[in-house]
Amino acid sequence: MVEGPPMTVDTFQRVVKTLGDSTRLRLLALLERQELSVADLVKLLDLPQSTVSRHLAHLKEQGLLSERRDGAFCYSRFTPPSDGAWGDGWLLARGSLRDDPQIAADAEALDALLRARTLGSREFFDSLGAEWDRLRKVFQDDLQRARAIGRLVPRGLTIADVGTGTGVLAMEMAQLGMRVIAIDQSEAMLASADAKRAALKDPDRVELRHGAATDLPLRDGEVDAVLAHMVLHYVPSPRDAIAELARVVRPGGRIVLVDFTAPEDRPQPDREWLQKDLGVIWQGFAIARVREWLERAGLRNVEIELHESSSDDRDLPATFIACADRPADPLT
Ligand SMILES: C[S@@+](CC[C@H](N)C(=O)[O-])C[C@H]1O[C@@H](n2cnc3c(N)ncnc32)[C@H](O)[C@@H]1O
């Protein structure tokens with residue numbers, strides 16, 4: 001609330017002079033409700049622009065209006081002073097305007113203007129529908145969207161990124177406000193992740209630890225959640241690794257696994273190139289097997305979704321994203 005000057009004879013005269021004009025009262029009543037441009041006010045009051053501008057200038061001179069530029073337009077707003085001469089004066093004026101037919105007509109005209117704007121925006125999007133996805137590319141807002149969604153994640157979560165590799169996901173999580181313990185058994189991969197870590201705005205958000213997925217350098221329940229993204233197919237004993245992930249997540253915490261899947265109901269081609277070019281041990285895992293490993297590790301609420309490969313040039317297996325929670329009570 002804005003505080004106005006105290007009442008003196010001089011301010012009293014200024015208040016009476018300003019509020020004693022019906023056009024200025026109409027302007028103040030509208031601008032108290034909604035910030036408006038001169039063009040809006042001309043339309044609403046049905047008065048010449050010169051008249052509206054003159055009165056606005058007077059109100060501005062009295063310190064009653066604040067202005068905001070938006071592109072080529074300037075919008076005025078009236079925030080009534082909470083007390084003092086102007087506060088008292090406006091309280092009195094507003095009371096007397098309550099049943100005034102002209103003020104009521106202005107309010108209706110403002111309602112109609114706002115309705116037309118809402119309708120305009122609705123019609124704009126109605127006319128686009130799915131086309132919007134093409135139009136919105138102008139924003140190039142991939143990172144911003146990820147950041148916004150990241151704000152939905154509780155602050156300060158500690159995540160273990162197991163098999164962090166060059167730390168791509170670890171850095172993304174850190175940029176979203178999470179604290180990350182990035183673990184890998186390869187010193188060379190950790191060195192590469194460390195270079196990315198050093199370039200972060202807040203490098204302390206990421207801690208690198210050397211260790212294996214089946215013998216993690218973490219205490220029992222040390223982290224809020226664990227991510228193992230494209231790592232299990234390099235681990236000789238994925239079942240043991242999943243049990244180890246379950247050990248280090250706190251009760252009530254979550255595990256997310258992303259990896260290749262090999263559906264058991266369809267014959268899978270032998271993708272030998274995965275072994276030769278990418279050094280994998282496993283070409284993928286059956287969903288039923290992954291579920292069994294997660295449940296055996298004492299995890300609950302197992303959810304697994306499949307995604308077909310979107311690669312056009314390589315014959316990649318489909319992938320799965322598996323989530324599971326460690327029960328809030330101790331593991332049995
Ligand atoms: C394909 S990369 C994935 C890196 C990262 N998660 C990503 O998605 O960008 C696999 C990583 O897992 C690591 N890795 C493989 N077996 C591991 C194990 N048993 N314990 C820890 N890290 C392992 C490798 O050193 C490598 O950095």
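Q: Before we start, when are two residues in contact?
A: Two residues are in contact if their C-beta atoms, placed from the backbone, lie within 7 Å. Also keep in mind that this is a predicted model.

Q: Okay, so what does Met171 touch, not counting residues up to four places away in sequence?
A: Met171 touches Lys196, Leu200 and Val206. Met171 itself sits in helix 9, residues 168-175.

Q: Is Met171 buried or exposed, and why?
A: Met171 counts as buried because there are 22 C-beta neighbours inside 10 Å. The cut-off for buried is 20 or more.

Q: And how far apart are Met171 and Ala193?
A: In sequence they are 22 residues apart, and in space 8.5 Å, going C-alpha to C-alpha.

Q: Let's zoom out. How many helices and strands are there in the protein?
A: The protein has 13 helices and 12 strands.

Q: What about its overall dimensions?
A: The C-alpha trace spans about 90 × 45 × 40 Å along the principal axes. The radius of gyration is 32 Å, whereas a compact globule of 332 residues would come out near 20 Å.

Q: How much of the protein counts as buried?
A: Of the 332 residues, 27% do. As for contacts with a separation of 6 or more, 66% come from residues 24 or more positions apart.

Q: How many bridges pair strand 2 with strand 4?
A: There are 2 bridges, in the antiparallel sense, and strand 4 covers residues 73-78. Leu36 stands opposite Ser76 in strand 4.

Q: Now Val223. Where is its place?
A: Val223 is in strand 9, residues 223-229. That strand is mostly covered, with 5 of its 7 residues buried.

Q: Why is Val223 buried?
A: Because 25 other C-beta atoms lie within 10 Å of Val223. Leaving aside neighbours within four places in sequence, its contacts include Thr158, Ile159, Ala160, Ile181 and Val249. Val223 and Val249 are 26 residues apart in sequence, but 5.0 Å apart in space, C-alpha to C-alpha.

Q: So which way do strand 6 and strand 9 run, parallel or antiparallel?
A: They run parallel, joined by 3 bridges. Asp161 stands opposite Leu227 in strand 9.

Q: How many bridges pair strand 9 and strand 10?
A: Those two pair over 6 bridges, in the parallel sense.

Q: What do the buried residues of helix 11 pack against?
A: They pack against strand 6 (158-162), strand 9, strand 10 (249-260) and helix 13 (287-296). Among the buried residues of helix 11 (238-248) are Ala241, Ile242, Leu245 and Val248.

Q: Last one: which residues are closest to the ligand?
A: The closest are Gly163, Gly165, Ser186, Ala213 and Tyr234, out of 16 residues that surround the ligand. The shell divides into 9 nonpolar, 6 polar and 1 charged.

How values were computed: Residues numbered from 1 in each chain as written. Predicted model: local features only at pLDDT ≥ 70, side-chain atom pairs only at ≥ 80, totals over all residues. Helix = DSSP H or I, 4+ residues; strand = E, 2+ residues; numbered from the N terminus. Buried ≥ 20, exposed ≤ 12 C-beta atoms within 10 Å, placed from the backbone. Rg over C-alpha atoms; globule rule 2.2 N^0.38 Å. Near = placed C-beta within 6 Å. Nonpolar A, V, L, I, M, F, W, Y, C, P; charged D, E, K, R; others polar. Pairing = 2+ DSSP bridges.
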